[in-house]
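Hi everyone, thanks for coming. I'll walk you through one structure today, so please have a look at it while I talk.

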Amino acid sequence: MSSTVTPARTRSSAPVHPRPRPRLDWRLRFCAVSLIWGFSFLLIKVGTEGYAPFQVTLGRLAFGTAVLAATMAVKRERLPRGARLWGHMAVAAFFLNALPFSLFAYAELTIPSTLAGICNATSPLWGMALSLVALSEDRPTRVRVAGLGLGFLGVLTVLGAWQGFHGLDARGTAMALLASLSYPVGWIYVRRTLAGTGHSHLSMTGAQLMLATLQLAVVTPLFTSLPTRFPFVPLLAIAALGALGTGLAVLIQYGLVAEVGPTTAQMVTYFIPVIATAAGVAVLGESLRWTTPAGAVIVLAGAALTQVRGRKGA
């Protein structure tokens, strides 16, 4: 996942030529992004079976940065300039990439990928709660507040709160929830510091991923040792996680935002936990209690309500 800002349209006296229609219908690209990001939690789990969590994250970021760098080279895009701008992007890279990616990788050492995918769906709930404090223009409505309460009730259902959280790894679950919290913290920071910079989405995200890769390149050697062997399947999972989930999916998502708008494009968030759960059960053979899908439905319903905007002047 990443933050996007829709570029402003400019007027010109030159004749306007319609953009060529994409080869694939937006619905097919929407499904592709949903599948890629939904399977990301399975790929993280497979990657951690052969490599340390920080190594999984570093590899993921490196492969994702390579995809965006290649795209920038083809489109002849340049990296943004300005020390202040790069400072803000470094903070965004930490909260939107380095921190949540690492937390999810560590979390999946002890929790199933299905639970990690559902925890990821709580990001809109955290975002709603944080925006009430950090964004004065984002006024709450009764529907959105109700959605916030409903969503966190769903989280308690997933975790089996009334059963005393039986069989739940508290540390891993806390890490996954903190990862989902990190995203809206980063989005709010981006909205306050990087919106309207005039740079393209591609160049900004390429720089952001590059900074996140550098951050992990510094941290990883401090906490892990160089692998003595390189298991192929986990390495392939990391490559797919980076090239597809952190590279290609971001590029597809940009196209969706430009074509159908951010509201429709961001609906992908509600499909990710469904696909993550299905993939974890079908491919990895993870067990599934009835509280997991039931709670997930409640979480998604609450998250959807938090995105409902009231009418102006209401």
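Let's start with contacts, meaning heavy atoms within 4.5 Å. Take the ones between residues at least 6 apart in sequence: 91% of them join residues at least 24 apart. Now, a word on where this comes from: it's a predicted model, where local features need pLDDT of at least 70 and side-chain atom pairs count only at pLDDT 80 or more, while totals for chains, interfaces and linings use all residues. Residues are numbered from 1 along each chain as its sequence is written, and side-chain values use heavy atoms, with hydrogens and water left out.

So what are the elements? The protein has 12 helices and 0 strands; these are DSSP runs numbered from the N terminus, H or I over at least four residues for helices, and E over at least two for strands.

Next, the inside. Of the 314 residues, 46% count as buried. Buried here is under 20% relative accessible area, exposed is over 50%, and partly exposed is in between, using a 1.4 Å probe and protein chains only.

The largest nonpolar core has 71 residues. By that I mean a set of buried Ala, Val, Leu, Ile, Met, Phe, Trp, Tyr and Cys residues joined through side-chain atoms within 4.5 Å. Trp37, Phe41, Met89, Phe104 and Leu194 have the most contacts inside this core. And which helix gives the most to it? That's helix 3, residues 83-107, with 11 residues.

Let's zoom in on Met89. Leaving aside neighbours within four places in sequence, Met89 is in contact with Pro80, Leu194, Met204, Ala207, Gln208 and Leu211.

Now over to helix 2, residues 53-75, where you'll find Thr65. Thr65 counts as buried because its relative accessibility is 14%. Skip the residues up to four places away in sequence, and Thr65 touches Leu209, Met210 and Thr213.

For contrast, look at Ser225, in the loop between helix 8 (201-223) and helix 9 (232-260). Is Ser225 buried or exposed? It's at 56% relative accessibility, so Ser225 counts as exposed. Ser225 and Ala52 are 173 residues apart in sequence, yet 8.9 Å apart in space, C-alpha to C-alpha.

Last, the cysteines. How many disulfides does the structure hold? The count is 0, where a disulfide would be a pair of cysteine sulfur atoms within 2.5 Å. Cys119 is buried, with a relative accessible area of 4%, whereas Cys31, at 43% relative accessibility, counts as partly exposed.
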